[in-house]
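Reader: I would like to learn how to read the main features of a protein model, one at a time. Could you take me through them with a case in view?

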Amino acid sequence: MATSIEEIQEILAGLGRSMVESDKRREDMERVLAESRAETERIMKELAETQKATEQSIDRMSRKVDKMTDKFGGLNNSVGQLVQMVVIPGVKEKMNILGYNFTMATVEKDYYKADGKSLTEADLLLENCKDVMVIEVKTTLTLEDVNHHLRRLEILRKNENITGMSGKVMYAAIACIRFKEGAREYAVENGMYLIDIEEDTDRIGVVSPETVGKW
C-alpha cells in the first residue's frame, strides 16, 4: 500500500524532532564536558598552588635547619653544642650573681643503677659542696619536657645515695631557644629557672621563678 503524503510528512517531522533532540543531547553533553574540564582545571590549579606553597614552606624550614646545623654542628648534636657553646660560658656566672656559688659544671652527666642499667641523665649540672642545679637544655620546650624534668628531679632525689645528691639542696633550670604554648609559664610555676638562649646573638638571659623550687 502506498504511503500517503501525510504519513511521509509525519515521518519527516519525527526525524526532525529526533535530530533536534539529538542536537540538544549533544549540546548538553558538550556543556557537561566543558564544565568538567573547567572544574578539573580549577582543581589542578589549586593543587599546583598548594604544592608551590608546600615547597616554599619546606624550603624555609630547610634554610632554618641548615642555619641551626651550621651553628650547632648538626641536629643530633644540637643540645650538646648548645650546652658547650652557649649555656656553659654564661650560666654559671649568671647563677652566681643571683646568690649561688657554683664552682663546677658537668655536661651530659649519666647516672646508673647498681646493676649497671641507666637511671637518668642530666644535660648540665652546676655544683658546689652544698647545692646542685640540674639544667635541661632544649631547642624547643614543651609541657611534656617540663614534666620529664620534674620526673628526673624526683629520680635523682629518690636515688640520692647513688647520684651524689645526699645532703645537697637541688635546684632546677631549663635552657631553650623556643617555648611551646604554656611551657614557659608551667616551668616557672614549678619553681624552675628559665635560661633564655638568644639564638642570633649567642647570649643567655635568666628568668627567676617567684618561688624557687627545691628538691
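Author: What follows is a conversation about the strands, helices, surface and cysteines of this protein. This is a predicted model, in which local features need pLDDT of at least 70 and side-chain atom pairs count only at pLDDT 80 or more, while totals for chains, interfaces and linings use all residues. Residues are numbered from 1 along each chain as its sequence is written, and side-chain values use heavy atoms, with hydrogens and water left out.

Reader: How many helices and strands does the protein have, and what pattern do they follow along the sequence?

Author: Helices (H or I, at least four residues) and strands (E, at least two) are DSSP runs, numbered from the N terminus. The protein has five helices and six strands, and along the sequence they follow the pattern α-α-β-β-β-α-α-β-α-β-β.

Reader: How should I read strand pairing, and which strands does S4 pair with?

Author: Two strands pair if DSSP finds at least two bridges between them. Strand S3 (residues 131–141) runs parallel to S4 and is joined to it by 10 bridges, with isoleucine 135 standing opposite alanine 173 in S4. S4 also pairs with strand S5 (residues 193–198), again in the parallel sense, over four bridges, and there cysteine 176 has aspartate 196 in S5 as its bridge partner.

Reader: What kind of unit do S4, H5 and S5 make?

Author: A crossover is right-handed if, with the strands pointing away from the viewer, the path from the first strand over the helix to the second runs clockwise. Here S4, helix H5 (residues 183–189) and S5 make a right-handed β-α-β unit.

Reader: Is strand S4 largely enclosed or largely open?

Author: Buried means under 20% relative accessible area, exposed over 50%, and partly exposed in between (1.4 Å probe, protein chains only). Eight of the 11 residues of strand S4 (residues 169–179) are buried, so the strand is largely enclosed by the rest of the structure. For the protein of 215 residues, 30% count as buried.

Reader: How are S1 and S2 arranged, and what is found in the turn?

Author: Strand S1 (residues 104–112) and strand S2 (residues 118–127) pair in the antiparallel sense over eight bridges. They form a hairpin with five residues between them, and glycine 116 in the turn has a positive phi of about 90 degrees. Tyrosine 111 stands opposite threonine 120 in S2, and threonine 120 counts as buried because its relative accessibility is 7%. The C-alpha atoms of threonine 120 and leucine 153, which lie 33 residues apart along the chain, are separated by 9.4 Å.

Reader: What should I note about the phi of glutamate 108?

Author: Most residues other than glycine have a negative phi. Glutamate 108, which lies in strand S1, has a positive phi of about 50 degrees although it is not a glycine. At 49% relative accessibility, glutamate 108 counts as partly exposed.

Reader: Where does methionine 44 lie, and is it buried or exposed?

Author: Methionine 44 lies in helix H1 (residues 5–72) and is exposed, with a relative accessible area of 51%.
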